[in-house]
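Below are some numbered remarks on the model, for discussion.

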Amino acid sequence: MSELDLRTAAASAAPVRRRRASVGEMLAGLFVLFLLVATVAPGAISWIDPNAISAREAFQPPSLAHWFGTDESGRDIYSRVVAGTSTSLLIGVSATAIGLVLGLGLGVLAGFGGRALDFTVNRVIEVLFAFPGLLLALLVIVIAGPGPVTATIAVGLSTAPGYGRIVRGQLVSIRSSGYVESARVLGHSPARVLTRHILPNALAPLLVLATLGIGQAVVWAAALSYLGLGAQPPAAEWGAMLSAGRTYIGTAWWLTVFPGLMIVLTTIATTVLGRSLTRRTGGTR
Amino acid sequence: MTPGLQTTNRVDRSRSHRVLRWLLVRLGGAAFVLWAVATLTFFAIRLIPGDPAEAVLGGPGSQASQETLDQVRRDYGLDLPLGVQYLNALGRLLTGDLGTSYALKVPVADLLSAQLGGTLILAFSALLVAWASALALSLWSTGGGRIAGSVGQAIELTAAALPHFWLATVLIAIFSSALGWLPPVSTGGVLGLILPTVTLAIPLAGFLAQVMRETMLDTLDAPFIVSARARGESEGGIRLRHALRHASLPAISLSGWALGYLISGAVVVETIFARPGLGRTLLQAVTLRDVPIVTGVVLLVALVYIVMTILTDAASRLADPRLRTAEGER
Amino acid sequence: MHSPSRRPARRALTAIAAASGLALLLTGCQPATESASSTPVAGGTLTYASGDAEPTCLDPHVGGNYPQALLAGQFLDSLVSRNSEGEIIPWLATKWSVSDDGLTWDFTLKDDVSFTDGTPFDADAVKVNVEHLKDPATESSTGYLALGKVESVTAISDTVAQFTLNAPDSALLESLSMPWLAIESPAGIARGMEENCQAPIGTGPFVVDDWVKQDHVSLVRNEDYNSPPADAQHDGKAYLEAIEWRFIPDSASRYAALQAGQVDILDNAQPDTIAAAEKTTTLAHIDAPRPGASNRIELNAGAAPFNDPAVREAFIRAVDVNDGIESLFFGSAKRSYSPLSSAESVGYSDESLFTTDLDAANALLDTAGWTARDADGFRVKDGERLTLDFPVSTNQSIPAEQSLFEQIQATAKQAGFDVQLSLLDLSSWYGVLAENDYDLVSAPYTKVGPDVLRILYHSDGIVPAPSGYFANLSQVSDPQLDDLLTRASEISDDAERADLYEQAQKIILEGFHILPLYDQQNHFLLGTQVKGARSLPTVSTPTFYDTWLANN
Amino acid sequence: MTAPLLEVTGLSVAFGDTTVVQDLTFTVEPGQCVALVGESGSGKSVTARSLLGLAGRGSHISASRMQLSGRDLTTASERDWRRIRGPEIGLVLQDALVSLDPLRPLGREIGDSLRLHSTLSATAVRARVIEVLRQVGMPDPERALTLRSGELSGGLRQRALIAAALALDPPLVIADEPTTALDVTIQARILDLLTEVKSRGTGILLISHDLAVVSAIADRVVVMKDGRIVEAGPTRALLESPREEYTRRLIAAVPTDKPRGTPLVPGSTGVLPARSSRWTDAVGPVLEARSLVKTYSRAGDRFRAVNDVSFEVARGETLGLVGESGSGKTTVARLALALTRADEGDVLLDGAPFSTMRERDRRPLRSRIGAIYQDSLSSFDPRYSVRRILTDALDTAPVGDRSTVAELLDAVGLPTGVAESRPLFLSGGQRQRVSIARALAARPELIVCDEPVSALDVTVQAQVLDLLNRLQAERGLSYLFISHDLGVVRHMSDRVAVMKDGRIVETGTATDVFTDPQHPYTARLVSDAPRLTLPS
């Protein structure tokens, strides 16, 4: 209980309070839609080459021609923000996926592997928890060297114990749940109970949690980029853009504010959607 | 015939025994985790490509002579078999020796013990501020009807989504550059602590407020609140005497996690606000690949984290008697 | 310019002094109260914000990099210094003479100077310092290389130290003027490296009081100071009571702290803040370009495709840097067309070689055989893409410079070059260079005088020195050039030497081995309450001996 | 006759457009106990809370008259209410574990009312709390001050809760289901306590779903259904000669003292799977438990949840297993189902080993024992519809002898339309029927019923019990029927085993055990069980 992952606490504590999509949820949905379009077809919503350099047009404040202004090399920030969506989201999503897969592995081992294995995995999770977030990521970077791939793996790895604990908790509670017991009473085989009851019921909330996790993964990855250990310029990754723009905060705020805003909005939107999903699926518990 | 207080007598008799047992289990667990962290870090560090001796001399560019390399290997015990090195490292660890920094050539333990205080002061003041503001926010947002609820939720969400480095930039721009109220870099005093503390506290407060608000709403739905109201308790009294306590429980138990989160954040915040501390030391060590320092920081943070979880665990047990009685039934 | 945080010393070298003074430029509005407060006031603490890496050792003998030099100037004195005209002037040594064969130097020392630990400064101390620098265990790099021709030092008397050389070295005085060869207390040195690194003991105007790692170094006034250099404005102890030397790595925070009055002076000023500061009445600007080489991109002639001079020329014709320098540096950096810093009087420029001409570049590449282009628009030859690896050290290139490289990448693409930028930490960057795994590289090099050219372009520099560093990153190997540079380093006639260096620079420029960008940027911003701050005309580090604070 | 203590005329409570209480009229005299009786959704609890001004956010309350001791409550402001709650009306809720703040010691919880409504000093508050705790029969009240509700047993918690309501000695106490979820023996003590409170002149408004409980203490009964009064009158008159159909159904549904096999739903035909039926002639028992022992560790101690338990269930027979909470009933059920392994002893199915086999070998046999649980909802996979739940169970039935989903639903009296619903959206009774249908799917010989009707309203309980009886008669099923409710067990069982502290203290035919208990514990249990007796 003491190391209860925050997101579960926030997510599972939310009882079924509303059914209809709120304004917030609709706005979040719209923003996520924007992100998806920006990822799949950035050309559809931006028209300027995100890497087109024009030194003469550097540091232009937001205008009709450049909605978010231009950066130090005269590149259009709006186009770069759109172009950066796929990179940033890719990092966020893959990091979450890595965390999820590792967490699932740990959780399944603990949840099904018998007492000794459960004990061992729990200790492993405890140990991993003792490297808080960014620290584990930095350790990974020391070992593997900086870069976007390492950063992704590092962030993924640092989220794994959280997911592992949640998966284990889910599995343990489902395994002792009434419906698994009644399936056993009916004489169904363990394999059938596992595939038809335990896994589906354990995975659904996990995927919802993952939605919540993507936002935080984007933030951590951006932090690594900011420290110069993640994605690197001229890649149009939000954290890297922010990092590059921060030098000019005194003279050109738009270099910093817009990529930062994207990170914040992405996190908010995924959290809102994740929570709304929790509420919707949580009702069937 | 009236049932006696036999249940409570049993609780009494075994209480001290149980507290001791709990403490032993926790300390044992802590020792194990520390050992595992040390072991894991020791072997993980060996995964770093390249010769550690070369790293001591400044990396692959140094092209140090074989002689120098051998000398360094002997100095740092790198010529011994891995198992012996490991045991040596563990042995040194037990005496509080974390090795010698590659870059600074000073004992890591001395270096870090000087840095630990700054980080802890920062982390704890941020924890305190986050705690207080989360509590205030959730009290307000659960008490003021639907609009306050929505606004409260929006504030929590936004706060939790703010990256430290961005927040720091914006806060400096506003409070130092534009308004000139607060110093942008550490002064060593309280004034310089404000901006870094706030930077770290805001996102955490967002997280905590989410949890607190949910707990508070659940608490306000609980039958004992009806009981309290039926005694003539006012809304303020309900919040103060009942809801507040319940809402702080998850926040207490999350404090261990929160401290880890804050130390992570300190890496960025200490660099931006030029505060001395573990985070900044770590970042510099990472860029210099100063392995002993990285290892030392990781171990130290793990230690802090473990101590903190034991403390929060104890605090939770103090604050919530249900935890003490529930223990045995597992 | 940023200096590397480790082993940078290898790049910072002494040189034969070309008598070019360092421009000390004080720009920004001088406050109207200037005349009223022109009498120095003693007392107060100056807060210095350094954006350079925190040194790992305060003893500049160990390693020897720019961050160390910045600090060492406050508590160590050198034997000699330079004035703003570039002439060597007395400091701890009052006079010196050289034998006809150029192999024996006698330095006469001040006789009333003591180190701050009470140890008297004498010829023995000089001997101990030189031996310390030449001892491999010291791990000296800069000082070691600078004393390469010095065989030994003998104490003729308490006040006369005799240097014995194995070859004539007209750069000796300039070498000795550098902070990396400053004189420390023999007793201090004897404490061992670990202790000496924490607080070296010198004769300087300030004393290291405390070093709080990751935060600051406290320097307090040396109340008994009596050995200022000959060009100092006053005698006796410094005006300032103390200096708090803070490390503030984040440039935006550093500037914000200066604006807020939290610090009095900062280094590594970012271009946009320089521009902003110049518009204010409360901040002033010191532009002190470092001596030695200009900031330039080296084209590695040691490997394909730049082993073909036509490809080198095509690259230089293809890229456009002028607009970028103008916009990224907000007018604070002037375009250079020379291998040498503008601080060097013998610098030779040829702007005509660097005019951008995309057609010419394309034509050159066509004739060089890079005729085909692939789907991405990059040129190919024998199935090989025209790729240029450009490792960039994040420690040595400020953000504006990194942006400039991105712009180079973009303009080079038009001609069909695929420039691959990779941002690396220092040790990885050295690694890549050591493995000859680069085509383009920018490696600033600080050294007094044109002798820097010998280090950078003599073919000896292609082979790593025993210290491991090789300086000839463009891998120019030209016997004629080697000859010119060797002769120049030993010749004593100034005019003749200037001529040799001009020939050498012509060869370098016309061979399209380098793309000069600008001087090594070295900007300080300071509050106008700081009076009498200047940079030493040796390696442009600031000195605060004459400095005082107006409002305190 | 003096003015009534509480007088309510034409009380209506609405939430938005939904009216949950309509036109309610009743009075409570000092020293009188009036019971509001109704099933879930009848509006009885909302009524109780409206009287405290606590109906909740969004409620709209109207009444032509609502007076407490002659004082008009309809115009009371929130401030007025706060002065009424506590000194004028005390409230006792169900289950003190959640009705007292688990984080605060009793002394503070009970003392709160005194602190809020009096100017007593801390010492005086403490003295009064001790006094009132003593009054409700709390042993060692001084020590109890420092305890939290979680550290007390259920009965003591409830006493503390009553003490909190009595602290200011209010003229009226509203008790909302004060004994639900308590064991019978403790329930009896609490009812005694309330009777004592009443005798001191305090008026009591008792809210309950349980006519039997009510009959023990109430002077008047108000029967509610769907927010309206169905019938009201003095307890004796109402129970003896109910005028309304619904009241009659309610009374009929109480299983206590209804002979085995009589239908509890008026009008349905009775079925009597008498012990003499042919099913019992088969050789040997269906299920036999021999000397079962199961040990758990709690708080460092090991204790025997099940201690040397033996019983057998004959074919076609119902064995009732009755006991209070913690007596080990559910553990016995789990052992019988071989869901946990016994430390000692074994379970035989049709004379062959069942519990000692390997799980793999036992699996084919499992279809012969079915199970029904108290919380049927949690025994369904939340993602499954009724149809999937049943087809999932049908897979384990013997091939060639499989019912269809429709047949199963029909057998338990559910419309086929239910098949596509998810259990979450069904009523409690419907869920339990689905649960029974699932148990039937595999064509078991024996069904273990663990508190199958405890969570149901009494009329629904009656229907489910009737259904179980009918199915037993039709299919010759055997039941191991576990319940804490003596009335239910007696009504359902041929033979009864009484459990206490992990042991079976008495076994015998239902009639023998209940009419002539041999063990003192059984005797106490029987005497404490509430039945529809009339206040004498």
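1. Two residues are taken to be in contact if their C-beta atoms, placed from the backbone, lie within 7 Å. The model is a predicted one. Chains C and D, by contrast, share no contact; their closest C-alpha atoms are 46 Å apart.

2. The largest nonpolar core holds 501 residues. The members that touch the most others are Leu204(B), Leu208(B), Leu262(B), Ala163(D), Leu206(D) and Leu480(D). Helix α8 of chain A, residues 190–226, supplies the largest share of this core, at 16 residues.

3. What does Ala163(D) touch, leaving out residues up to four places away in sequence? Its partners are Ile110(D), Val132(D), Leu133(D), Val136(D) and Met138(D).

4. In chain C, strand β11 (residues 242–247) pairs with strand β2 (residues 45–50) in the parallel sense, over 6 bridges. Within that pairing, Thr47(C) has Glu244(C) of β11(C) as its bridge partner. Strand β10 of chain C (residues 216–221) also pairs with β11(C), here in the antiparallel sense and over 5 bridges. Ile243(C) in β11(C) stands opposite Leu219(C).

5. Chain B has 14 helices and 0 strands. Of its 330 residues, 51% count as buried. Among the contacts in chain B with a separation of 6 or more, 69% join residues 24 or more positions apart.

Conventions:
Residues numbered from 1 in each chain as written. Chains lettered and ligands numbered in written order. Predicted model: local features only at pLDDT ≥ 70, side-chain atom pairs only at ≥ 80, totals over all residues. Core = buried A, V, L, I, M, F, W, Y, C linked by C-beta atoms within 7 Å. Buried ≥ 20, exposed ≤ 12 C-beta atoms within 10 Å, placed from the backbone. Helix = DSSP H or I, 4+ residues; strand = E, 2+ residues; numbered from the N terminus. Pairing = 2+ DSSP bridges.
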